[in-house]
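Subject: Structure handover and notes

Dear colleague,

Please find the structure below. My notes on the sheet and the salt bridges follow it.

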Amino acid sequence: MAGTDVHVNFDAPAMLCKWPSLNNERRTAVSGPYLLVDGTLDECIRQFMAKPAPIRRLYEIHTSPQPPLVSAILSEAMVAELARLRDFL
């Protein structure tokens, strides 16, 4: 990414959602994840990263897309990468 002008608006509205689970596995037969936090992308990333690593796969962040880095639904891997790069973006 060196030499590019990539910027992420961490103040953008976002929602941290959790999938219903059974034995720490997603229950995909339900209608979808439920809302835990309605705030900014930064707040949702911080809340997500505060969760124990083994269960982060049950969570996702929904926000407005900010191409090329931020999609409408952020997976565990993308949230971790944004958290790591937060000070550089």
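Is Arg-86 buried or exposed? At 18% relative accessibility, Arg-86 counts as buried (buried means under 20% relative accessible area, exposed over 50%, partly exposed in between, with a 1.4 Å probe and protein chains only).

Before the rest, the conventions. This is a predicted model, in which local features need pLDDT of at least 70 and side-chain atom pairs count only at pLDDT 80 or more, while totals for chains, interfaces and linings use all residues. Residues are numbered from 1 along each chain as its sequence is written, and side-chain values use heavy atoms, with hydrogens and water left out. Helices (H or I, at least four residues) and strands (E, at least two) are DSSP runs, numbered from the N terminus.

The sheet

Four strands make up an open sheet, ordered E4-E1-E5-E6, with antiparallel pairing; two strands pair if DSSP finds at least two bridges between them. Strand E4 (34–40) and strand E6 (73–74) are the edges, each pairing on one side only. Strand E1 (residues 13–18) is joined to E4 by six bridges, and Ala-14 has Gly-39 as its bridge partner in E4. Helix H1 packs on this sheet and touches E1, E4, E5 and E6; the direction of H1 makes about 130° with that of E4. For that angle, axes are lines fitted to C-alpha atoms, for helices over the stretch in contact, and angles run from 0 to 180 degrees between N-to-C directions.

Strand E5 is joined to E1 by five bridges and to E6 by two. Cys-17 stands opposite Glu-60 in E5, and His-62 stands opposite Ile-73 in E6. Five of the five residues of E5 are buried, so the strand is largely enclosed by the rest of the structure. Tyr-59, Ile-61 and Thr-63 point one way from E5, and Glu-60 and His-62 point the other way.

Glu-60 and His-62

What does the side chain of His-62 make with the side chain of Glu-60? The two side chains make a polar contact at 2.9 Å (a pair of N or O atoms within 3.5 Å; within protein, one must be able to donate a hydrogen and the other to accept it, and residues adjacent in sequence count only if both atoms are side-chain atoms). Leaving aside neighbours within four places in sequence, His-62 is in contact (heavy atoms within 4.5 Å) with Ala-14, Met-15, Cys-17, Pro-33, Ala-72 and Ile-73.

Glu-60 also forms a salt bridge with Arg-26, with the closest N and O atoms 3.5 Å apart (a salt bridge is a side-chain nitrogen of Lys or Arg within 4 Å of a carboxyl oxygen of Asp or Glu). Because Glu-60 lies in strand E5 (residues 59–63) and Arg-26 in strand E3 (residues 25–26), the pair ties together parts that are 34 residues apart in sequence. Glu-60 is buried at 8% relative accessibility, whereas Arg-26 is partly exposed at 34%.

The Asp-42 network

The structure holds five salt bridges. Asp-42, Arg-46 and Arg-86 are linked in a network of them. Asp-42 meets Arg-46 at 2.9 Å, N to O; these two are four residues apart in helix H1 (residues 41–49), so about one helical turn separates them. Asp-42 is buried at 17% relative accessibility, and Arg-46 is partly exposed at 48%.

Asp-42 meets Arg-86 at 2.7 Å, N to O. That pair links distant parts of the chain, with Asp-42 in helix H1 and Arg-86 in the segment after helix H2 (76–85), 44 residues apart.

Regards
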